[in-house]
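Here are some notes to go with your first look at this one. Have the model open while you read, and take the points in order.

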Amino acid sequence: MTKYLIIGTGGVGGSIAGFLSLAGKDVTCIARGEHLQQIRQNGLHLKSDLKGDRYLQVKACTADEYNDTPDVAIVTVKGYSIDSIAGLISRIKSDKTIFVPLLNVYGTGPRIAAAAPGATVIDGLIYIVGFISAPGEITQMGTTFNAVIGARPEQGISAERIQRIADELNEAGIAVAVSDDINRDTFIKWSFISAMSCTGAYFDIPMGPIQHPGKERDFFANLVRESTKVGEALGIDFGRDLVAANLAIIDRLDPMSTASLQKDLARGHVSEIDGQLFKLVDLAHSLGIPTPTYNLLIERFKNPKK
């Protein structure tokens, strides 16, 4: 049986762990603090619109305690925590282990690979609304739980090897596709999550208002247009109208859902604003691409009290 390790048992990682556990897969979660304590004592509490309300006996430990060698390690920490898990990845890597990052920022796979030389790190992305709703408790909202995974062409990893991972995740109820151009697809996700998170944070709203005509939906669409120009300047062929595609995703989300970036900013927590806002704008400017809508965000969030 395939051994799965979830590195980062937040909303995304916890939902994946719960779905894998319900499918009878061998899965271990890396967690910490009271969240880990509650999972150990009471099981992982999954409150899912797709799977119902479940308590699941899932193996859980700290990064230091984990002493096995996984076949598949799914990385779902926030972007600002990548450096902190490099030691774990370097310690547990093997010829058989594939690391699958499902983060929100373009270029994550190469970044992790550089931090943990010798590890086999592919790329991936995920669309889900999930969050820690209490210690040991994961809430998954709505019917969207889709992922795309794939290797970069230069890695030379067989498509069959990646397809086996996708097949097992599909068996667990997670809709996973293998990309024919993971560079394109991870940029599309970056474009989407940046526009979604930043629109929600700028207007302090859930997804509902973006799903209807108005200034919020226009703002979201303008952000996507600006990031599309960045991707095109990098030579990415999207093969679709990215604004229409991203609006279609927004329209499928729970109207009351909010992005994790927005939640973190509201609580004064460390957030992924650097990767989802500042890095995108810096890249645009380095390519000579104007970003008038993103500049409004830069003005707002460079000084949150303004």
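This is a predicted model: local features need pLDDT of at least 70, side-chain atom pairs count only at pLDDT 80 or more; totals for chains, interfaces and linings use all residues.

1. Strand β7, residues 98-101, pairs with β8 in the parallel sense over two bridges.

2. Next, find helix α6, which covers residues 182-203. Its axis and that of helix α11 (residues 292-301) come within 11 Å and cross at roughly 50 degrees. The two helices are therefore oblique to each other, and α6 passes α11 in a left-handed crossing.

3. What meets what between these two helices? On the α6 side you'll find S194, A195, C198, A201 and Y202, and they meet Y294, L296, L297, R300 and F301 of α11. Sorted by class, the contact has eight nonpolar residues, one polar and one charged.

4. Helix α6 also packs with α7, residues 215-233. Here the angle is about 145 degrees and the axes are 9 Å apart. In this case α6 makes a right-handed crossing.

5. From α6 come F187, S191, F192, A195, M196, C198, T199, Y202 and F203; from α7 come K215, E216, F219, F220, L223, V224, S227, V230 and G231. By class, that gives 12 nonpolar, four polar and two charged residues. A195, C198 and Y202 of α6 turn up in the contact with α7 and also in the one with α11.

6. Last, the aromatic rings. Searching the whole structure turns up 10 aromatic pairs. One to look at is Y106 with F187: the ring centres are 5.2 Å apart and the planes stand at 75 degrees, so the pair is edge-to-face. Why does this pair tie together parts that are 81 residues apart in sequence? Because Y106 lies in the loop between β7 and α4 (108-115), while F187 belongs to helix α6. F187 is also among the α6 residues that meet α7.

Note on methods. Residues are numbered from 1 along each chain as its sequence is written. Side-chain values use heavy atoms; hydrogens and water are left out. Two strands pair if DSSP finds at least two bridges between them. Helices (H or I, at least four residues) and strands (E, at least two) are DSSP runs, numbered from the N terminus. Axes are lines fitted to C-alpha atoms, for helices over the stretch in contact, and angles run from 0 to 180 degrees between N-to-C directions. Angles under 35 degrees count as roughly parallel, over 145 as roughly antiparallel, 65 to 115 as roughly perpendicular and the rest as oblique. A crossing is left-handed if the near helix is turned anticlockwise from the far one by less than a right angle, and right-handed if clockwise. Contact means heavy atoms within 4.5 Å. Ala, Val, Leu, Ile, Met, Phe, Trp, Tyr, Cys and Pro count as nonpolar, Asp, Glu, Lys and Arg as charged, and the others, Gly among them, as polar. Rings of Phe, Tyr and Trp (its six-membered ring) pair if their centres lie within 6.5 Å; planes under 30 degrees apart count as stacked, over 60 as edge-to-face and the rest as tilted.
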